[in-house]
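Subject: Structure handover

Hi,

Here is the structure for you to look through. My notes follow below.

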Amino acid sequence: MTAPSLYVHIPLCVRKCPYCGFYSEPVAQHNPARLVGALAQEVRQTVRDPQVPTVYVGGGSPTCMPMDLLGRLLYEITRTVRGFEEFTVEANPGQVDRPILQFLRNIGVNRLSLGGQSFQPQELKTLGRLHTVEQIVEAVEMAREVGFENIGVDLIFAIPGSTMESWRANLKRAIDLGVTHISTYALTYEEDTPLTADRDAGRITPIDEETDREMYELAIDMLTDAGYEHYEISNFARPGFACRHNLGYWANRPYNGVGPSAASHIQRRRCTRIADIRQYIHAVENELDPIAEIQETSALEFACETAVLNLRRIRGIDWAEYRATTGYDAMDLFAAVIEEHRKNGMLTVDDSGIRLTRPALPIADSILCDFSDIDD
Amino acid sequence: MATDHIRNFSIIAHIDHGKSTLADRMLELTGTVSSRQKRDQMLDSMDLERERGITIKASAVTMRYEHEGREYMLNLIDTPGHVDFHYEVSRALAACEGAILVVDATQGVQAQTVANAYLAVHNNVEILGAINKIDLPAAQPDVVGDEIEHVLGIRKNECFRISGKSGIGVPELLEAVVTLLPPPKDRSDEPAAALIFDSLYDEYRGVICYVRVFAGCLKPKQKIRLMGAGRSYVVGELGKFTPQMTPVDQLGSGEVGYVVAAIRDLHDVHVGDTITDDIHPAPKPLPGYVAPMQMVFSDFYPGNMTDYPKLRAAFERLSLNDASFTFIPQNSPALGFGFRCGFLGLLHMEIIQERLERENDVDVVQTAPTVSYEYKTTDGGVKRIDSPSELPDRSAIEEIREPMVKLEIITGVDSIGGIMRLAEGRRCKLVKTDYLSPTRVMLEYTAPLAEIVYDFYDQLKGISHGYATMDYEFLGFEAADLVKIDILVNKNIVDALSLIVHRSNAEHRGRKLLIKLRKAIPRHQFEIPLQVAIGGKIIARESIKPFRKDVLAKLYGGDVTRKMKVLKRQKEGKKRLKSIGMVQIPQEAFMSILDTGED
Ligand SMILES: Nc1nc2c(ncn2[C@@H]2O[C@H](COP(=O)(O)OP(=O)(O)OP(=O)(O)O)[C@@H](O)[C@H]2O)c(=O)[nH]1
Ligand code: SF4
Ligand SMILES: [Mg+2]
């Protein structure tokens with residue numbers, strides 16, 4: 001059994017983006033030094049087996065913290081874990097310069113995930129991003145110069161005001177930058193965000209469903225043509241550069257999550273940490289449990305989760321892997337739904353497993369939902 | 001007890017005019033219930049009655065009353081007011097010599113006041129008029145008295161003025177029950193003959209028959225015979241309602257009470273049948289009742305095929321307590337195996353539906369209610385159908401007949417115009433107009449049941465600002481220029497969506513229905529064509545565009561619990577839909593047939 005991988009959540013940002021549904025708060029309102037202390041302490045307490053396959057430090061914006069604090073945290077992590085094959089840090093363009101990147105590289109970070117989002121100034125403005133188009137390009141170039149081979153860029157499509165042309169241009173810029181990994185996310189209207197309020201009040205017009213779909217299909221076409229492998233609904237990578245940490249999620253393998261609001265998943269038990277920075281720090285400093293919610297999943301629920309997560313991957317469910325992970329035979333559990341969706345041309349079924357067909361990808365939830373629960 | 005010391009009477013009225021409240025006061029005045037047991041509308045004992053504040057089932061109670069130093073036995077039957085339950089009133093009246101007709105002093109004579117008064121006259125029952133709710137500031141006992149005299153022929157100065165709520169006038173009314181209503185005839189020397197006027201199923205005791213003894217007497221251990229059914233039983237227990245069931249050692253001529261005789265199936269007992277002595281039977285049975293007629297039909301299908309046996313068991317249980325609701329197995333090409341159920345009216349349907357949901361854990365898909373039709377085949381035969389889908393091809397039919405009713409509407413004169421226009425649009429023929437008073441009028445129509453049974457009442461209430469009331473009575477089937485509309489969803493006819501309408505209205509209804517269906521059926525992975533056909537010819541079409549994008553942008557480790565919930569909810573939503581061919585149709589879609597297209 002491999003040890004759980006490790007996720008560390010930095011719930012701080014310079015300013016909250018209007019579309020963001022993650023737990024994060026403005027860095028100026030908090031004491032990042034104490035937070036880092038608490039995080040480091042929780043990492044030490046949580047990681048039992050140091051043979052952690054992957055580490056991912058995300059947020060929020062890890063890079064909005066002063067460099068010495070980020071450095072201290074990463075140092076603590078590398079002191080605790082050993083032998084990881086992938087160590088990702090999320091970085092915001094505009095918040096990184098050459099020395100920081102150099103430092104990250106030197107300490108052992110081997111994958112950089114850049115929140116680029118768009119190469120159109122107007123779209124960055126709509127999204128409330130604080131960086132410029134140039135800063136994305138600079139960040140990628142600097143990262144490469146200091147030795148990062150594995151660089152990912154996130155892009156958002158279906159931004160109000162965007163067009164097929166602007167999206168095509170964005171994809172082209174990302175491809176031309178030569179990054180190894182590209183994630184493309186449709187803009188999501190999360191509950192209780194200023195963006196959603198603007199939409200509901202009619203201040204912005206969301207992109208229509210048909211265009212949203214065309215944009216998604218364009219991404220698949222352009223990126224696969226450019227040699228990226230489409231390996232998950234929203235993720236593309238040069239061969240060998242798929243994000244191993246995230247692949248772990250979609251395989252439903254165990255992981256530890258550290259930091260406010262982070263979730264762990266070990267042996268069918270999900271523990272979600274307090275989503276409040278001060279309370280979290282208080283708990284950790286006083287050696288109290290920072291867990292807000294524990295959820296035990298039954299073997300069947302776990303099997304359903306695994307099916308849904310596996311099907312997010314383009315390779316889908318692999319019969320043997322699924323049996324090894326869940327103890328169930330996917331065909332036995334889901335025979336009727338598999339048959340229904342196969343008949344409708346939404347699933348491919350063969351000796352190795354099942355996977356969504358290309359027409360199924362844009363409407364995946366209407367298929368995945370049937371795997372979310374077992375009828376009794 | 002000697003028959004001249006017995007009085008049997010029903011309380012009858014329009015809905016909500018205060019029957020059950022008056023019964024409460026009488027139970028109190030006679031000391032039948034102690035103040036500790038007391039609660040409002042005592043006799044409405046079913047949960048549904050108490051929740052809805054209406055009487056659904058008639059209930060009987062025996063009271064002791066002193067008059068001039070002698071003891072009397074008063075048997076009171078409280079009846080429901082709603083039109084769906086008229087047959088309950090008829091049954092109650094057949095067990096009585098007298099009736100108190102209650103009229104709300106703020107509402108005046110209403111449609112069910114008239115209908116129930118006619119029933120009383122028809123049953124040869126002596127009527128006492130009671131103008132109720134005189135405690136209310138809006139009460140107009142004089143005006144209402146005039147209406148009663150004019151419409152029902154009960155003299156104004158003979159009407160009692162009462163308040164069932166405060167009790168004013170109730171002692172006088174109770175006194176009049178003894179002095180003015182006739183006692184039952186003394187037939188104690190004749191062979192036993194008791195009318196079953198209601199029945200009830202009790203899990204432990206089996207069927208409990210509510211009886212009125214007309215001749216002879218019944219005793220425990222007596223061997224009795226149900227004359228109509230031709231079956232014999234031994235009386236286990238006899239008793240009276242006080243209002244709890246209280247055993248007695250005999251029920252004599254003229255008395256009202258219950259009989260328990262180890263009868264396991266409610267369907268073995270026909271209300272209206274006569275109980276007699278098995279050894280010395282009565283020469284002929286008492287006049288019975290006409291069985292109540294089911295006016296509307298609707299199909300119920302289990303949401304999940306495997307629930308079919310569960311649904312059958314649920315209906316069997318419900319029919320044990322309600323013999324006026326029918327269910328027969330049904331097989332629809334589109335919806336699979338289910339049941340066709342017959343109801344006395346829409347309220348009755350709602351009540352059964354509610355009990356089905358409440359007492360059983362089955363998901364059901366219900367089709368829109370429909371009336372029955374008759375059709376005459378080209379070879380002269382006449383057939384009755386209670387689902388439009390059963391209508392054969394036009395070429396095999398000579399004519400289609402629809403059920404007609406006598407419709408009575410009572411309303412203020414200011415809304416006559418609006419009501420007449422509504423009735424006109426529903427193919428109702430005005431038979432007569434009768435002024436109850438200078439400001440209120442009674443309209444009598446001959447109307448197609450299908451036009452008035454669903455939403456007509458709501459429209460009527462809307463037009464008259466809530467003041468108009470209506471009542472209807474089945475007349476017979478009559479030929480009309482009717483056609484069947486078929487709906488095709490994804491090129492398949494969905495039989496449960498077929499409907500029979502008048503030709504003049506067919507195209508409009510069809511188009512309207514398509515628009516409703518387009519909104520009610522969720523988008524699918526593919527485009528769904530919707531079509532309306534009359535006699536195989538497509539007259540209108542619409543389509544439901546497929547959804548194009550439905551996928552979460554992100555699903556990573558921290559999101560799993562939340563996102564799984566979202567997906568489960570999406571799946572739950574699908575479950576409430578009925579899958580027909582490849583299309584999932586929600587419950588509302590079946591009900592959209594009921595929209596008559598007026599707006
Ligand atoms: N003010 C006043 N209200 C009354 C009187 N009698 C009845 N009510 C009210 O009128 C409403 C209907 O009374 P019920 O006794 O349930 O009427 P009902 O005729 O039995 O009704 P159904 O059985 O549904 O036909 C209730 O809210 C009573 O409280 C009365 O004399 N005065
Ligand atoms: S930077 Fe990222 S985490 Fe922070 S507010 Fe913006 S979108 Fe949210
Ligand atoms: Mg009542």
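Ligand 1 is surrounded by 21 residues, and the closest are Gly18(B), Ser20(B), Ile54(B), Thr55(B) and Gly81(B). A residue counts as near a molecule or strand if its C-beta atom, placed from the backbone, lies within 6 Å of it. Helix H1 of chain B (residues 19-29) gives the largest share of this shell, 3 residues. Helices are DSSP runs of H or I with at least four residues, strands are runs of E with at least two, and both are numbered from the N terminus. By class, the shell of ligand 1 holds 11 polar, 5 nonpolar and 5 charged residues. Nonpolar covers Ala, Val, Leu, Ile, Met, Phe, Trp, Tyr, Cys and Pro; charged covers Asp, Glu, Lys and Arg; the others, Gly among them, are polar.

A word on the source. The model is predicted: local features need pLDDT of at least 70, side-chain atom pairs count only at pLDDT 80 or more, and totals for chains, interfaces and linings use all residues. Residues are numbered from 1 along each chain as its sequence is written, while chains are lettered from A and ligands numbered from 1 in the order in which they are written.

Ligand 2 sits among chain A residues, including Cys13(A), Cys17(A), Cys20(A), Lys16(A) and Asn92(A). Its shell divides into 6 polar, 4 nonpolar and 1 charged.

Next, helix packing. In chain A, H6 (residues 164-177) and H8 (residues 209-225) pack at about 25°, with axes 10 Å apart. Axes are lines fitted to C-alpha atoms, for helices over the stretch in contact, and angles run from 0 to 180 degrees between N-to-C directions. H6(A) is therefore roughly parallel to H8(A) (under 35 degrees is roughly parallel, over 145 roughly antiparallel, 65 to 115 roughly perpendicular, the rest oblique). Their contact has 9 nonpolar, 1 polar and 2 charged residues.

In chain B, the axes of H9 (residues 416-425) and H11 (residues 456-463) come within 9 Å and cross at roughly 155°. So H9(B) and H11(B) are roughly antiparallel. Gly418(B), Ile419(B) and Leu422(B) of H9(B) make the contact with Gln459(B), Leu460(B) and Ile463(B) of H11(B). Contact means C-beta atoms, placed from the backbone, within 7 Å.

How many residues does each chain give to the contact between A and B? Chain A gives 35 and chain B gives 20. The chain B side divides into 9 nonpolar, 5 polar and 6 charged.

Overall, chain B has 14 helices and 31 strands.

Best wishes

Methods: Contact = placed C-beta atoms within 7 Å.
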